[in-house]
Amino acid sequence: MGACISPGSGIHLRNCQTSPRNIFIIIVTVEVVVGLIGNGFIATINIINWIKSKKISSADMILIFLSTSRFILQVTVLMHIHSLYFVDVFKLASVYKDFGAVWMFVNHSSLWFSTWLYILYCVKIINITHWLLLQIKRRIAGMVPWLLLGSPVISSVTSLPLLWITPSTYLCSSTGNCRENSTAHITDWDSSYLYLLLLYFVGCFFPLVLSVVTSALLITSLWKHRKTMQCYPETFRDSMIDVHLTAIKSIISFLILYLSSFVAQILLILSTSQSKDVVKVAVSLVVAGAYPSMHSIILIIVNSKLKLAFRNLCLHFKCHLEDKPPSPRLERNTLQ
């Protein structure tokens with residue numbers, strides 16, 4: 001494969017055969033397209049509902065920031081995939097560094113946004129008795145806007161220093177041909193990729209820890225609540241148990257995707273342009289690209305409002321393809 005899905009990692013699979021390279025690029029491209037559609041849908045529905053109702057919940061506000069940041073992240077990845085074949089300007093060291101810094105900034109911001117989302121769920125769902133946590137629960141709605149605005153500031157601290165890290169002296173094109181960059185004086189990537197690894201690890205460590213802790217608390221709380229519902233009437237109990245099981249499965253899926261993506265990105269950064277383990281790097285690319293795409297699908301499935309809007313939208317398109325006028329009820333509910 002010509003280059004890494006994360007522009008800042010500087011991975012180049014020069015020894016990859018054309019067919020395997022194209023297969024993995026197609027897989028990553030499909031992941032990116034799915035992510036663009038999913039995150040674009042989430043942002044659009046929540047923004048339209050915000051405009052129509054003139055108010056917005058804390059969860060929907062976080063979803064707008066999260067889906068927008070992931071949409072931008074997927075655009076940067078798509079541009080980088082495009083550069084493997086058509087755009088030679090990304091092979092210049094100065095542009096490559098800027099592109100990598102933008103990618104890392106948006107990536108770290110989206111990680112913080114997803115962390116705030118699960119912290120919000122955790123504060124609202126679990127039973128809280130400590131006075132400090134009770135104060136946070138009462139004030140969380142007012143804290144959310146400041147947390148969302150502070151996340152890009154924190155992310156800039158762990159991404160802008162990438163502009164002072166110099167990539168490899170030789171930057172390879174997607175065809176496997178390498179040429180020396182004569183536009184700037186740059187040093188060997190082998191001594192600078194450690195700084196990249198440090199920046200990525202520091203930027204991901206705190207949201208990773210918070211996400212794991214809050215997700216574990218949510219799963220524990222939902223599982224305990226599920227056991228207490230055994231004494232409820234059968235009809236009501238079964239429906240509530242299904243809701244709790246769906247929530248638990250979604251949180252576990254989120255954790256698996258999150259941790260897998262984190263490990264995959266670390267492996268990509270540790271892999272240098274001289275890496276011979278093409279399969280490991282290629283698989284890491286696919287795993288790293290799955291998280292922002294698949295998580296958007298999970299958010300749509302577990303969110304009743306987004307799920308209803310998506311179902312109505314599909315029915316609307318089906319009626320359009322069959323040249324049938326959509327029902328008035330469908331027209332009213334598509335963007336509700």
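Biologist: What makes the largest nonpolar core a core, and which residues have the most contacts inside it?

Modeller: A nonpolar core is a set of buried Ala, Val, Leu, Ile, Met, Phe, Trp, Tyr and Cys residues joined through side-chain atoms within 4.5 Å. The largest set has 61 residues, and those with the most contacts inside it are Ile62, Trp116, Leu117, Leu148, Tyr200 and Leu306. Two or more residues come from each of helix 1 (18-53), helix 2, helix 3 (93-125), helix 4 (131-157), helix 5 (189-228), helix 6 (234-270), helix 7 (278-302) and helix 8. Helix 3 gives the largest share, 14 residues. Helices here are DSSP runs (H or I, at least four residues), as are strands (E, at least two), numbered from the N terminus.

The model is predicted: local features need pLDDT of at least 70, side-chain atom pairs count only at pLDDT 80 or more, and totals for chains, interfaces and linings use all residues. Residues are numbered from 1 along each chain as its sequence is written, and side-chain values use heavy atoms, with hydrogens and water left out.

Biologist: Which residues does Ile62 contact beyond its neighbours within four places in sequence?

Modeller: Contact means heavy atoms within 4.5 Å. With those neighbours set aside, Ile62 meets this criterion with Phe113, Trp116, Leu117, Leu120, Val144 and Leu148.

Biologist: Are Lys305 and Asp60 buried or exposed?

Modeller: Buried means under 20% relative accessible area, exposed over 50% and partly exposed in between (1.4 Å probe, protein chains only). Asp60, at 12%, is therefore buried, whereas Lys305, at 24%, counts as partly exposed. Of the 336 residues of the chain, 48% count as buried.

Biologist: How do you know what class of residue lines the second largest pocket?

Modeller: Ala, Val, Leu, Ile, Met, Phe, Trp, Tyr, Cys and Pro count as nonpolar, Asp, Glu, Lys and Arg as charged, and the others, Gly among them, as polar. On that basis the lining has 12 nonpolar, 1 polar and no charged residues.
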